[in-house]
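Hello,

Here is the structure I promised to pass on. Have a look, and my notes on what turned up follow below.

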Amino acid sequence: VTKSVVVTGLGIVAPNGLGVDRYWTATQSGRNSIRRVSRFDPSSYPVQLAGEITDFVPAAHLPSRLLPQTDRMTQLALVATDWAFADSGVEPGLVPTFDMGVVTASASGGFEFGQHQLENLWSRGPQEVSAYQSFAWFYAVNTGQISIRNGMRGPGGVLVTEQAGGLDALAQARRLVRRGTPLVVTGGVDSPLCPWAWVAQLTSRRMSPCDDPTAAYLPFDVNASGFVPGEGGAILIVERAEDARRRGAPQVYGEIAGYGATFDPGPGVRAEPGLRRAVEIALADAEITAMDVDAVFADGAGVGELDRIEAEAIATVFGPHRIPVTVPKTMTGRLYSGGAALDLATALLALRHGVVPPTINVTDQQPNYHIDLVIGRAREIPLHCVVVLARGHGGFNAAVVLRAAPHGPGNGRSVRT
Amino acid sequence: MTPDDLIAIIRASAGEPEGGALDGENMDVAFDDLGYDSIQLLEIAAHIERKIDIALSDNIVAETRTIRELLLVIDAAVAGRPAR
């Protein structure tokens with residue numbers, strides 16, 4: 001009996017591209033989508049840049065019934081889910097309702113919706129607060145709305161581990177599939193681009209005050225000054241390799257081969273941060289060694305101390321300068337619960353096409369970081385196995401090992417037994 | 001309140017029904033069959049209360065099953081009578 005669990009569908013909503021094809025074209029060519037915030041006037045705030053999705057029209061994709069009751073992050077997540085299903089060739093209406101589950105990542109919930117309701121409360125009174133506020137802000141709302149829209153009554157859940165959430169949700173999806181749920185929708189989509197969300201994020205003191213879109217978010221660079229936030233993410237369809245083969249799935253993007261998660265030591269505790277151990281746990285789970293890995297998709301905090309910790313973990317586990325390391329989120333900003341989910345989708349597309357997308361804007365890599373950062377231009381190399389890293393504020397570390405389907409794109413055959 | 005006024009409120013607060021548009025044909029179709037759930041009915045009721053400055057019972061979700069029944073409840077409230 002195979003325990004292999006694979007990804008068979010992707011739905012991408014990113015600042016530099018809606019849909020898999022447009023996103024991948026933009027990402028391979030290193031298209032920057034970071035710019036001055038346009039959704040509200042950022043001039044009175046110390047941070048003014050973001051990766052915004054500017055071409056998403058909810059009413060073009062969703063029934064009007066859903067629009068008044070959903071935050072933008074949920075609208076994006078629902079559309080990404082529709083696209084992921086279409087990509088996977090699964091028609092959810094034809095699958096038994098208890099055979100499908102949903103696990104998404106969340107970071108802060110539907111901030112923009114909540115802000116509008118606070119405005120109503122403050123300026124017009126409690127009777128003006130929408131009944132939909134009861135769920136539209138909530139961490140689990142994307143999971144709930146995805147499950148309702150697609151008639152999915154299998155296990156549902158939400159992982160709240162800030163920017164590590166996309167990897168933790170994927171791992172939970174794999175667990176559910178192994179325990180017997182045939183298909184699980186996973187991933188994460190966030191949209192924290194309103195003043196209330198902005199001031200909440202500012203408290204982390206990790207956002208870049210730089211107002212130059214080409215110089216604000218520079219992970220592993222000597223001039224790293226923090227990160228730029230963004231909106232969007234990705235949704236993935238996860239199922240057993242065996243089931244994908246049996247139903248003749250249009251493609252298998254790759255196998256979820258390994259996963260590891262750790263917590264950092266508490267404040268004031270002098271001990272090594274947990275990232276290296278998360279990578280090693282993931283490699284052991286995949287039953288491979290570091291030498292089997294062809295590329296790393298880094299967390300790329302853009303904060304000096306955190307970059308150093310990550311560079312050290314990568315160089316220690318994989319060897320100094322041995323394999324390419326990249327941070328494609330330099331094009332979109334950090335997407336909170338959508339960030340690691342989008343990195344997973346990017347890594348799966350990289351496996352499929354044999355291309356490591358670039359880290360953009362970084363020009364002066366910190367010389368004591370012994371990693372081979374893919375700067376400026378994409379690199380074409382054969383990829384069989386990649387590692388995705390993610391960290392969440394508060395001490396969350398996670399690593400996922402993704403392995404290519406052995407017979408290449410379009411195969412419907414067994415991935416691994 | 002006219003049926004058209006009520007339909008405009010429903011449309012604004014809860015959107016169009018599942019698989020169609022709101023019109024005179026939907027007056028006797030159960031909210032459930034139109035795809036409106038209990039929270040959507042609460043939102044619709046709140047919009048009505050604000051629009052014409054009346055108070056509707058919290059039981060409105062349990063008591064009304066169709067747009068026509070909702071209209072009757074509104075008319076009763078406007079007339080100052082207890083609803084049904």
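On the side of chain B that touches chain A, H3(B) provides the largest share, five residues. There is also one salt bridge across this interface, in which the side chains of Glu128(A) and Arg50(B) meet at 3.0 Å, N to O (the rule asks for a side-chain nitrogen of Lys or Arg within 4 Å of a carboxyl oxygen of Asp or Glu).

Some background: this is a predicted model, where local features need pLDDT of at least 70, side-chain atom pairs count only at pLDDT 80 or more, and totals for chains, interfaces and linings use all residues. Residues are numbered from 1 along each chain as its sequence is written, chains are lettered from A and ligands numbered from 1 in the order written, and side-chain values use heavy atoms, without hydrogens and water.

In all, 15 residues from chain B and eleven residues from chain A take part in the contact (heavy atoms within 4.5 Å). Together the chains bury about 980 Å², 49% of it on carbon and sulfur atoms (accessible area lost on being put together, 1.4 Å probe, summed over both). Within chain B, Ile39(B), Glu43(B) and Arg50(B) lose the most area to chain A.

Happy browsing!

Technical notes:
Buried area is the accessible area (1.4 Å probe) that two parts lose on being put together, summed over both. Helices (H or I, at least four residues) and strands (E, at least two) are DSSP runs, numbered from the N terminus.
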